[in-house]
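Here's a quick briefing for anyone meeting this structure for the first time. Take a look at it, then read on for the inside story.

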Amino acid sequence: MYTISAILSHVHAEASTIFDATLPIYELEYDSRKIRNGAHSLFFALKNVRDGHEFIDDAYHKGVRSFVVSRVDIDKSRYAQTNFIEVKDVLLALQELAAFHRRQFKKPVIGITGSNGKTVVKEWLTQLLQDDKRIYQSPKSYNSQLGVALALWNLSDDYDCAIIEAGISLPGEMALLERMIRPDIGVFTNIGLAHASGFSSKAVKLREKLELFKHCTDVIFNSSYALDDKLVPTMRTFRYGARAEDDVRVLRMEENGRGSTQIQLAFQNEIATFSVPFQDKASLENVLLCITVLLYFGYPLDTISLKLRKLKSLDMRLQLKKGKNNSSIIDDTYSNDLASLQIALDFLYQQQQHKKKTLILSDMEGLDEKLRNKLGTLMERQLLDRVILVGSGLSFLKAHIHAPVQLFESTEDLLAGLKDTTFENESILVKGSRAFHLEDVSQFLSAKSHETVLEINLKALEHNLQVYRSLLPVGVKMMAMVKAFSYGSGSYEVANLLQFNKVDYLTVAFADEGVELRQHGIELPIMVLSPDEQAFDLLIANRLEPEIYSFRILHAFLEFLADKRIKGFPIHIKIDTGMHRLGFLPEELDELTTILQQVRSVHVKSVLSHLVASGSEEHRAFTEDQIRRFAAGADRLETQLGYKFLRHIANTSAIVHWPGAYMDMVRLGIGLYGVDMDGRLALDAVSQLKTTITQIKRLPAGATVGYDRKGVLFRESRIATVKIGYADGYSRRFGNGVGEMQVNGQLVKTVGSICMDMCMLDVTDIIAHEEDEVVVFPDLRKAANAIGTIPYELLVNISSRVKRVYFYG
Ligand SMILES: *Cc1c(COP(=O)(O)O)cnc(C)c1O
């Protein structure tokens, strides 16, 4: 906690307007959506993809009375009793504050960097050290210029040691991170190709990374990276490797049994053998580094061996799954500490699809008096409907929770208790440390799975949204297309994420799609592309705004509104500029305005048209013509109606190719879902259709596979049956070798015809076992090409019986 006046003396303010210099600040905020303790928060108006200054209003309404800003044109008279600190660079100010706070921490700080494995090494070290030390680790992958600053802010003398991760993507960044972290001990994971693009060479990249260690007393690394002569000569090094002069010598590594590896090490005069539950190279490198750090701290070999048994690989974090009775489960059962609990709770509140929020929380390791107080304070601030605690150590929390609380002694008791507890229409966060194996609870609450699933990565979707946003100038609004079940990716989960990310509008094809979104708490304005006369009452009842494309639909709607005596209902006018699907032709616009001028029941909120070939070089002239006709038509409407409305014509491809077509708003569709029709942008894949192998059999040459004996085998073959067929949306056209799937990273082809619920793959040449996972469309664009269609069709054809599994990561 610092007062405003203390903060002011550490951030190089250019000017300030201070209302209350003694106001204590507990929290730093930069995202107005996440504010929960407004009065004691300091809001940093950072310029990221969006300009934080735009959210000062929002933050103010949430109670924030202290701001760090860089713009001088803020009308401060609008904000009563508020502190404004003006700086040149808001991020730098945040970093200066973090650096100052870090300097108050007198115990060791470990700084981790390297190309890969930083987060894993950080988490593992925490796990390995936390039995006897109170460890503070930077949460998740908070390793950037902003992330590190936020991570350091939560450091306090409750901890014996801090482990902070530093990641860079551009030259010059590490010096800034080093100034904040100022690590005492450096840990270097490895050097690889990640993020190489910003650097001229591997050597430059390495030099930059080593900046982090500039003021360290000791640096720990794998001797094969030969860092010694690149470090300051006075630094002590502590290395592992296969050479005689290494501090920790790796004598042997041998795979044994199912999935584990034996490692034989020599340290000083002792030799020890460890068994670790991994075989992949990356995990082994990470685990060796962790062992070396423990040896550096003086742990005996046999203690380390015991500790290592607890280690598990890190996946499955913050997974969002479909639960029983229309619930959603957030599964975060890998670790439990205050920082990660905070993150998971934030994620829980982002889930708007259910009003009701439940937390299932296990006891934490190392809860002493201080941490108990902190946990108590954290819980007092929550807005939960129900809390289930596991472990008697948490009984003190009952007094701090405003919701009904149930307490179970153990996970077994909870599992028994769950049989009599009902969960429905709620978001449930299951948060626990490894020892409590709460994954059993989350599994119990999850809806039973059909084995074919469409996995949807909401973080990738968020990333894609930002990619397109970053192309747009300030002020251009974003309409996101969630029609056709969000291009097959599911409806309210996607809409919820878009709402959280503050898109301006959503669009569905039919009224009932919009109704479903409203029923799940989506409050954004929603446009309906093809409103149907039968559904007009649904439009009104659910505040859904119809696209009006013809005189027939206009008259029907006007009549309906007149009956109900409704005034000023928002509508959207579609002009047909060349698509020749829906819309008024330009020559019909005069007649249209004559009608609109006479009625008060509707208000034109926007005017739109659709481009036919915005991604095509060949049709550039046609596109230009469409844009011109649209602008002319909209101008005419505006003059005749005498008021302004939004204009929009650009779809995904036009966002890339036609900046001149942005107008007031763009309509983002396929790009959001990770399909880059032009292959120019760094989009992340959002959905992955996966199935499993049900059976494998060896068949002789000459045998045939499937209906009508279409799949003739010309050699002795191994044939795998997988659980996906045309009823799931896997087209029959993929039969007989046209379709390609991926098993254990290897491509295989279909054999014979595609059946309704199954099909067969030729796995003769690859390693494959029954129950192995199969990726159905390893390359969506290639698959679409193979059957003469486009990715859109493949995505939306994935049947609704295929379970959608959402995750964020
Ligand atoms: C589907 C649709 C879009 C989005 O198109 P993408 O190519 O997926 O970006 C935009 N406008 C209208 C009218 C649409 O129907």
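How are α4 and α8 oriented to each other? Keep in mind that this is a predicted model. In it, the axes of helix α4 (residues 118-129) and helix α8 (residues 281-296) cross at roughly 45°, so α4 and α8 are oblique to each other.

**Where α4 meets α8**
- The two axes come within 10 Å, and α4 passes α8 in a right-handed crossing.
- On the α4 side, the residues involved include Val 120, Trp 124 and Leu 128; on the α8 side, Val 287, Cys 290 and Leu 294 are among them.
- Sorted by class, the contact of α4 with α8 has 11 nonpolar residues and two polar ones, with no charged residues.

**Where α3 meets α5**
- Helix α3 (residues 90-103) and helix α5 (residues 145-153) have axes that cross at roughly 35° and come within 9 Å.
- This crossing of α3 and α5 is left-handed.
- From α3, the contact draws on residues including Leu 91, Leu 94 and His 101, while α5 brings in Leu 146, Ala 149 and Trp 153, among others.
- Its residues split into nine nonpolar, three polar and one charged.

**The nonpolar cores**
- The largest nonpolar core has 195 residues, and Phe 44, Leu 375 and Met 741 are among those with the most contacts inside it.
- Helix α19 (residues 551-564) supplies the largest share of this core, eight residues.
- A second, separate core has 39 residues, including Val 187, Val 293, Leu 294 and Tyr 334.
- Beyond its neighbours within four places in sequence, Phe 44 is in contact with residues including Leu 28, Val 68, Leu 94 and Leu 97.

Terms used. Residues are numbered from 1 along each chain as its sequence is written. This is a predicted model: local features need pLDDT of at least 70, side-chain atom pairs count only at pLDDT 80 or more; totals for chains, interfaces and linings use all residues. Side-chain values use heavy atoms; hydrogens and water are left out. A nonpolar core is a set of buried Ala, Val, Leu, Ile, Met, Phe, Trp, Tyr and Cys residues joined through side-chain atoms within 4.5 Å. Buried means under 20% relative accessible area, exposed over 50%, partly exposed in between (1.4 Å probe, protein chains only). Helices (H or I, at least four residues) and strands (E, at least two) are DSSP runs, numbered from the N terminus. Contact means heavy atoms within 4.5 Å. Axes are lines fitted to C-alpha atoms, for helices over the stretch in contact, and angles run from 0 to 180 degrees between N-to-C directions. Angles under 35 degrees count as roughly parallel, over 145 as roughly antiparallel, 65 to 115 as roughly perpendicular and the rest as oblique. A crossing is left-handed if the near helix is turned anticlockwise from the far one by less than a right angle, and right-handed if clockwise. Ala, Val, Leu, Ile, Met, Phe, Trp, Tyr, Cys and Pro count as nonpolar, Asp, Glu, Lys and Arg as charged, and the others, Gly among them, as polar.
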